Amino acid sequence: MSHLKAFRIASAAGAVALSFAFPGLAEAALSRAWVSSKGADGAGCGAPTSPCRQIKYVLDNNIVAPGGEIDVLDPAGFAPVTITMAVSIVNDGAGTASVQQGAAGGAAITINAGANDAVHLRGLSIDGVRTGHYGVLFNSGASLDIVNCRIGNFARTGVVVQPTAGTVKLAVLKSSASNNAQFGILVNPASAAVVKANFSQVVAQNNALIGIHVVGMNATSAPFGVDMTMYGSDASSNGNYGVMSVSDAVNRSTGMTRVVVSQTTANQNYAGGFGALGDGVGGGAVMFLDRSVSIGGVYGDWFQFYSTSTNYLKGNSADSFWNIFTASRQ
């Protein structure tokens, strides 16, 4: 055998050995991977002609590259997942794509992504079957988009956004967070974090406590720990409030939570439609209302409410020594 032939054989054998030792060298991650009820998890899955079965398998085995997309081919149920990178999980009309969490204490989708990672969820049914604690639990990442999703039946909260650092952008569009045992959506950043949230056409109904709860109690960043805009939405029939903003600020002029609500209905909530609670130092919870309706009105304690004359707010109340409540229609 010539030296050249022997070298080629040895090189081929070495490449095979490396492919077993380092699977990532054998096959590059896909920019787009598919999952299906008819798919099978295993090496080589991910193409539309040979889809994987579980979203979890695609994520855990690096089938899709960071920043890539996981697409649902047909109606299917999926196991809970943890997301640690930038990724889109998309169901655009295939039928119901359900991610269930039936374990007490668990979350259906947990997001522990990097500081620059964007996560996009679209067209998913996320269900807690009355046992799982959280639907979407966001701990870290640059941004989270939730579009055309139904999130509900959790023993605690549908969506929790609780970053510990950085500025996080949150967008919820044409989605529902209802029938949860605590909150529909809870935005509660830690002291070093800021959340800028935009909600449009969101339904948060029949939650045992509050439909949408915005908390700046831990905020130390000025001027806002949470800055949220809500448009064209419905936060009705919740156990306490439809939309509540809570702050523990020391900045009297600007506050640490700012919530702007437009063209939104919050009726038939037990305690009130809209609420803003500041601290005893001087407010901090700021809420602007425009073209919104609440039978049950607004409630404030050490707050700042700004209400245009286009609202219909009936049953308003205030319990504090430091309030701003302007241009209200009662």
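Strands here are DSSP runs of E, at least two residues long, numbered from the N terminus. The views below are taken from a predicted model.

**View 1. Ser 98 in strand β6.** Ser 98 belongs to strand β6, which covers residues 97-100. With a relative accessibility of 14%, Ser 98 counts as buried, because the limit for that class is under 20%. Residues up to four places away in sequence aside, Ser 98 touches Ala 76, Gly 77, Phe 78 and Ser 125.

**View 2. The whole chain, for orientation.** The protein chain has 3 helices and 28 strands. Of its 330 residues, 48% are buried. Where contacts join residues at least 6 apart in sequence, 66% of them are between residues at least 24 apart. The accessible surface of the chain is about 13900 Å², and carbon and sulfur atoms account for 55% of that area.

**View 3. The largest nonpolar core and Ile 83.** The largest nonpolar core holds 66 residues, and those touching the most other members are Ile 83, Ile 109, Leu 121, Phe 199 and Phe 274. Another core, of 12 residues, lies apart from this one and includes Tyr 134, Phe 183, Leu 186 and Ile 210. Once neighbours within four places in sequence are set aside, the contacts of Ile 83 are Leu 59, Ile 89, Ile 109, Thr 110, Ile 111, Asn 112, Ala 113, Val 119 and Leu 121. In soluble globular proteins, nonpolar side chains tend to be buried together.

**View 4. Ile 109 in strand β7.** Strand β7, residues 107-112, contains Ile 109. The relative accessible area of Ile 109 is 1%, so this residue is classed as buried. Ile 109 and Ile 83 are separated by 26 residues in sequence, while their C-alpha atoms are 7.4 Å apart in space. Besides Ile 83, the contacts of Ile 109 beyond four places in sequence include Val 81, Val 99, Leu 121, Leu 124 and Ile 126. Gly 135, Val 136 and Leu 137 are also among them.

**View 5. Thr 49 in the loop between β1 and α3.** The loop that holds Thr 49 runs between β1 (30-35) and α3 (55-60). Thr 49 has a relative accessible area of 76% and is therefore exposed.

**View 6. The salt bridge of Lys 38 and Asp 74.** Lys 38 and Asp 74 form a salt bridge in which the closest N and O atoms are 3.3 Å apart. This pair links distant parts of the chain, 36 residues apart: Lys 38 is in the loop between β1 and α3, and Asp 74 is in the loop between β2 (64-72) and β3 (76-78).

**View 7. The salt bridge of Lys 56 and Asp 60 in helix α3.** In the salt bridge between Lys 56 and Asp 60, the closest N and O atoms are 2.8 Å apart. Because Lys 56 and Asp 60 are 4 residues apart in helix α3, about one helical turn separates them. Lys 56 is partly exposed, at 39% relative accessible area, and Asp 60 is also partly exposed, at 43%.

View 8. A salt bridge joins the side chains of Arg 258 and Asp 227, at 2.6 Å from N to O. Arg 258 is in strand β20 (residues 257-262) and Asp 227 is in strand β18 (residues 226-231), so that the pair links distant parts of the chain, 31 residues apart. Arg 258 is partly exposed, with a relative accessible area of 28%. Elsewhere, a network of salt bridges links Arg 32, Glu 69 and Asp 71. The count of salt bridges comes to 8.

View 9. Arg 130 is not a glycine, yet has a positive phi of about 70°. Its position is in the loop between β9 (125-127) and β10 (134-140), and Arg 130 counts as exposed at 54% relative accessibility. Asn 206, likewise not a glycine, has a positive phi of about 60°. Asn 206 is in the loop between β16 (193-203) and β17 (210-216) and is partly exposed, with a relative accessible area of 42%.

How values were computed:
Residues are numbered from 1 along each chain as its sequence is written. This is a predicted model: local features need pLDDT of at least 70, side-chain atom pairs count only at pLDDT 80 or more; totals for chains, interfaces and linings use all residues. Side-chain values use heavy atoms; hydrogens and water are left out. A nonpolar core is a set of buried Ala, Val, Leu, Ile, Met, Phe, Trp, Tyr and Cys residues joined through side-chain atoms within 4.5 Å. Buried means under 20% relative accessible area, exposed over 50%, partly exposed in between (1.4 Å probe, protein chains only). Contact means heavy atoms within 4.5 Å. Accessible areas come from the Shrake-Rupley method with a 1.4 Å probe; for residues, only the protein chains shown count as cover. A salt bridge is a side-chain nitrogen of Lys or Arg within 4 Å of a carboxyl oxygen of Asp or Glu.
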